[in-house]
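Please open the model in a viewer and keep a selection panel at hand. The stops below are meant to be visited in order.

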Amino acid sequence: MKVLGKARRRVDGRAKVTGQTRFADDIVQPRMLHMKLLRSPHAHALIEEIEVAEAQGHPGVHLVLTGKDFPISYGILPVTQDEYPLAPQQVRYVGDPVAAVVAKDEQTATEALELVRVKYKVLPTISTPEEALQEVEPRSNARIHSYSERGNIHRLQAFEFAAEKGAVDTALGAADHVFEDLFFYEGNTHLPIEQHATVAALDADGKLTLWSATQVPHYVHRSLARVLQLSPSQIRVIATPNGGGFGGKCDVCNHEMVAGKAALVLGRPVKICLNREEVFYMHRGRHPVLMKFRTGVTKDGKLTGMHLQTLVDGGGYGSYGVASTFYTGALQTVTYHLPKYKFEAARVFTNKPPCGPKRGHGTPQPRFGQEIQLDKIAERLGIDPAELRLRNLVKANSLTANWLKVGSIGLEQCINAVVERSQWKRRFRKLGFGKGLGLACGSYLCGAGLPIYWNKMPQSGVQILIDRSGQVTVFCGATEIGQGSDDVLAAIVAEVLGIDPFEIRCVTGDTGITPVDLGSYSSRVTVMMGNAAIQAAEKLKKMIAEAAAEQLEIVPDKLGFANGQVSFDGKAVTFAEAVRFAEEKFGTLGAVGSYVPPRAPGRFKGAGVGPSPAYSYTACVVEAHVDPHTGWITVPKIWIAHDIGRTINPVLARGQVEGSVYMGLSEALMEESAFRRLPPKLSSALVHKMPSLLEYKSITSLDMPEMDTVLVEDPDPNCPFGAKEVGQGPLLPVMPAVANAIYDAVGVRIDELPITPDKVLKALHRKAAGEGGRVGPEHFPAVPYPEALIVPTPWDGGDGKEIKRNDAAAVV
Amino acid sequence: MKPVPLTLRVNGEEQSIVFAPYKTLLEVLREDLNLTGTKHGCELGECGACAVLIDGEPQLSCLVLGLECEGRSVETVEGLAGATLHPLQAAFADLGAAQCGYCTPGILMTAKALLAHEPNPSRERIKEAISGNLCRCTGYQQIVEAIEEGARRIAK
């Protein structure tokens with residue numbers, strides 16, 4: 001490798017340290033107007049009347065829009081097109097937008113918002129999953145959406161991966177031990193430092209251009225076409241580099257649709273930048289999830305089966321929720337071998353900001369439960385927690401019970417690395433009261449195998465143009481959100497063509513001029529964009545080699561591309577010279593590449609969530625110190641090893657791992673999206689308890705422990721040069737490792753997140769009173785899960801399909 | 001509100017503007033002087049993204065009124081680099097201290113002020129100095145290392 005694996009500055013590094021990176025709010029257009037949204041003060045209400053005349057007449061106001069101006073709904077998933085740019089009839093959370101004012105400046109727009117009069121009829125509020133599970137009359141106005149499966153239950157899912165119905169219960173019945181545990185993971189939010197911003201304008205040809213802080217310009221483009229009833233060819237969406245995403249800019253946003261409409265109506269550029277409070281309302285953050293794990297294990301620590309139930313609090317809209325719900329159960333099988341697996345899930349609607357995908361999308365919650373339960377199993381069986389995991393590892397190149405195809409798996413090396421470096425064997429259970437070590441693992445997708453809307457087209461495309469000067473320009477729809485997607489793109493093309501990545505110009509995230517890439521989500525960019533880039537670059541390399549070989553009078557296959565030279569055995573031309581020969585021979589040089597993930601083996605209904613071209617693996621050891629008098633938790637050091645397949649740029653890879661550790665630790669110890677009900681004289685609305693950076697606690701530089709990061713390289717054949725993801729997977733083991741370390745320190749189990757000092761203290765008091773030393777959920781409500789779809793596993797002789805209900809009895 | 005005149009030094013150059021007097025220094029920089037390198041994450045003094053130097057001291061520009069800056073000297077990220085990067089900028093770029101780059105200008109200015117007072121700060125002092133600057137990407141370790149490296153490069 002000439003470029004890959006070498007530590008260097010990222011290609012967009014200079015722009016980021018000079019303040020020249022143009023974020024959405026940095027864009028200024030001549031005659032630009034400013035927009036503000038009026039948001040609902042009620043968690044659940046009907047809009048009876050909106051009076052806009054006074055606001056419309058306010059000096060400096062150019063336009064007032066309401067729900068009447070947006071008859072068409074949208075939504076990121078085709079099955080939940082349940083949002084409107086501005087709510088036409090019903091508001092479903094405090095912060096749901098109902099009107100927009102466009103004015104000469106932000107100040108004027110803000111003033112005019114107060115002149116919009118909305119008459120609401122307040123409806124009963126659903127604040128918790130327990131309330132959402134209660135029966136409601138079909139036409140009751142306590143129902144948040146009329147399309148939900150049942151009352152306020154948005155979605156129910158149930159699968160049993162086994163030869164026949166009840167096989168998981170039978171396996172658990174036959175196990176030497178069965179562990180039953182409840183866990184709760186509180187919701188939290190992305191908190192990117194950049195607030196969402198959008199500028200919409202008509203270009204010189206009258207086409208709509210929208211610059212936006214989005215991770216998914218392609219989906220924004222599609223939604224704009226739908227909502228504004230415009231031909232897609234009349235729209236261009238430019239994803240500006242995101243000032244942090246973490247999933248928070250993965251959804252199509254109200255303000256993007258409304259700004260687009262306002263620019264069309266007024267023929268002038270319109271900008272909106274959400275304030276911090278509004279970013280909390282936009283949310284789409286981590287779903288709160290209640291979980292029940294029943295796991296069977298033999299006395300020597302082999303898992304025999306698992307039954308997982310989840311109850312997912314979705315907030316007010318669908319968002320990615322159907323997928324998020326599948327993800328609360330999809331990846332339990334890719335780390336440890338589960339011979340039989342039953343998974344039941346329910347997502348409910350509540351009158352809170354909509355939840356969606358945050359780093360790890362639906363999988364950190366069950367990972368938290370699974371890894372704590374393994375710690376409990378290890379202790380009961382007297383097996384070291386690292387050893388217990390090693391005994392159960394999924395094998396490389398195998399199928400899981402739920403038909404996921406696992407390729408390379410470097411988890412054993414990861415576990416060994418953190419065990420050795422933390423001196424685990426010498427220190428675990430031996431640090432004395434108040435200090436402890438905890439271990440946990442995780443794994444994650446390298447890109448969702450299926451696109452969000454059904455189609456057979458590539459998920460990522462790359463186009464390369466080479467100028468006769470030797471200048472290489474690479475076009476791709478991928479979106480830079482801080483993770484370094486431009487750097488990955490330049491590095492891979494540079495590696496193939498043997499040039500310096502800084503010689504390459506990247507043009508990315510622009511639906512008007514770049515080939516489609518579906519977006520920066522599900523850790524898909526390195527694998528999908530990377531494979532497409534290799535394909536395009538290899539086509540050009542072949543042409544250049546052929547032309548250069550003629551000049552050098554050697555066979556093209558012999559030529560090497562490195563250090564800006566095309567050479568063999570002392571004979572060489574520069575890359576730029578070789579390009580000139582190639583242009584003479586073939587004409588203008590350009591090529592495209594594209595990537596379609598391999599077809600997943602699962603064929604059952606619901607098999608679309610979970611498949612990925614590859615899976616990354618991580619192991620983590622956390623050291624925690626707990627003050628038994630105050631419950632205060634200090635984390636002095638975290639060891640983490642991540643199976644990245646191959647490292648493209650070690651500087652950035654380490655940054656992704658450390659950033660994940662940071663975010664995981666912050667979720668473990670303090671981050672939570674909490675809500676409270678206002679007193680009746682203030683409307684009784686259910687409101688966000690802490691929609692500010694000050695009140696929503698997150699870790700600062702002073703709280704961060706030392707991090708010891710190891711990158712394990714087990715190249716995966718489906719990945720570009722073997723490179724897997726690194727942006728999300730390393731977050732997963734951190735939260736359970738913290739919980740396990742606290743148990744090692746003071747002997748109490750905190751089975752819910754965040755783990756705050758008050759919970760630790762409560763558990764210590766319970767333990768002292770002989771009540772068991774645990775804080776966590778005590779009860780899992782009755783959820784009307786449907787009858788499970790029976791899908792025989794690969795080792796049951798299954799073919800990847802479910803057994804049809806009417807012939808289920810015949811197959812035994 | 002009627003616009004009012006304001007004269008201040010920005011990155012070593014005198015600037016005279018007429019501006020809306022309710023504006024904060026952050027807004028004056030971004031909107032009236034087109035210096036969009038200074039960022040905002042809350043406009044309530046909670047995130048540190050808008051930190052600039054006023055007469056050499058780090059200040060949150062979202063909490064300072066433009067009117068308070070009459071005759072004062074303001075330094076922003078745009079003033080750091082000439083033909084080459086400032087050693088802190090180069091270290092940030094080389095060592096991965098800027099991922100999304102959004103909190104970066106505020107941290108660079110805060111770090112510059114720290115190194116002006118303490119050319120060779122301890123790791124703890126660095127962490128303390130930037131504890132008011134939130135970063136969601138890095139986990140801070142590469143930022144701390146880049147400030148240490150920047151200090152070494154300045155000393156050379």
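Begin by selecting helix α11 (residues 385-392) of chain A, whose buried residues are A:Pro385, A:Ala386, A:Leu388, A:Arg389 and A:Asn392. Buried here means under 20% relative accessible area, exposed means over 50%, and partly exposed lies in between (1.4 Å probe, protein chains only). Helices (H or I, at least four residues) and strands (E, at least two) are DSSP runs, numbered from the N terminus. An α-helix has 3.6 residues a turn, so residues three or four places apart point the same way.

This is a predicted model, in which local features need pLDDT of at least 70 and side-chain atom pairs count only at pLDDT 80 or more, while totals for chains, interfaces and linings use all residues. Residues are numbered from 1 along each chain as its sequence is written, chains are lettered from A and ligands numbered from 1 in the order in which they are written, and side-chain values use heavy atoms, with hydrogens and water left out.

Next, display what covers the buried residues of α11(A): among the elements in contact (heavy atoms within 4.5 Å) are β14 (303-313), α10 (364-381), α12 (411-421) and α18 (734-746) of chain A. At the N-terminal end of α11(A), select A:Asp384, which caps the helix with a side-chain oxygen 2.8 Å from the backbone nitrogen of A:Ala386.

**Salt bridges within the chains**

A salt bridge is a side-chain nitrogen of Lys or Arg within 4 Å of a carboxyl oxygen of Asp or Glu. The whole structure holds 61 of these salt bridges over all chains.

Select A:Asp487 and A:Arg8, which form a salt bridge with their closest N and O atoms 2.9 Å apart. A:Asp487 lies in helix α14 (residues 485-497) of chain A and A:Arg8 in the segment before α1 of chain A, so the pair ties together parts that are 479 residues apart in sequence. Both A:Asp487 and A:Arg8 are buried.

Move to A:Asp251 and A:Arg284, whose salt bridge has its closest N and O atoms 3.2 Å apart. A:Asp251 is in the loop between β11 (235-239) and α7 (254-266) of chain A, and A:Arg284 is in the loop between α8 (276-282) and β13 (289-297) of chain A, 33 residues apart. A:Asp251 is buried at a relative accessible area of 2%, and A:Arg284 is buried at 0%.

In chain B, select B:Arg123 and B:Glu148, whose side chains meet in a salt bridge (2.9 Å, N to O). B:Arg123 belongs to helix α4 (residues 123-129) of chain B and B:Glu148 to helix α5 (residues 141-155) of chain B. B:Arg123 is partly exposed at 35% relative accessible area, whereas B:Glu148 is buried at 19%.

**The interface**

How many residues does each chain bring to the contact? Chain A gives 55 residues and chain B gives 44 residues. The area buried between chain A and chain B (accessible area, 1.4 Å probe, that two parts lose on being put together, summed over both) is about 4,000 Å², with 53% from carbon and sulfur atoms. Select A:Val17, A:Ile193 and A:Ser701, which supply 18% of the area that chain A buries against chain B, more than any other three residues.

Finally, there are six salt bridges between chain A and chain B. Select B:Arg30 and A:Asp25, whose side chains meet in a salt bridge (3.2 Å, N to O).

Technical notes. A polar contact is a pair of N or O atoms within 3.5 Å; within protein, one must be able to donate a hydrogen and the other to accept it, and residues adjacent in sequence count only if both atoms are side-chain atoms.
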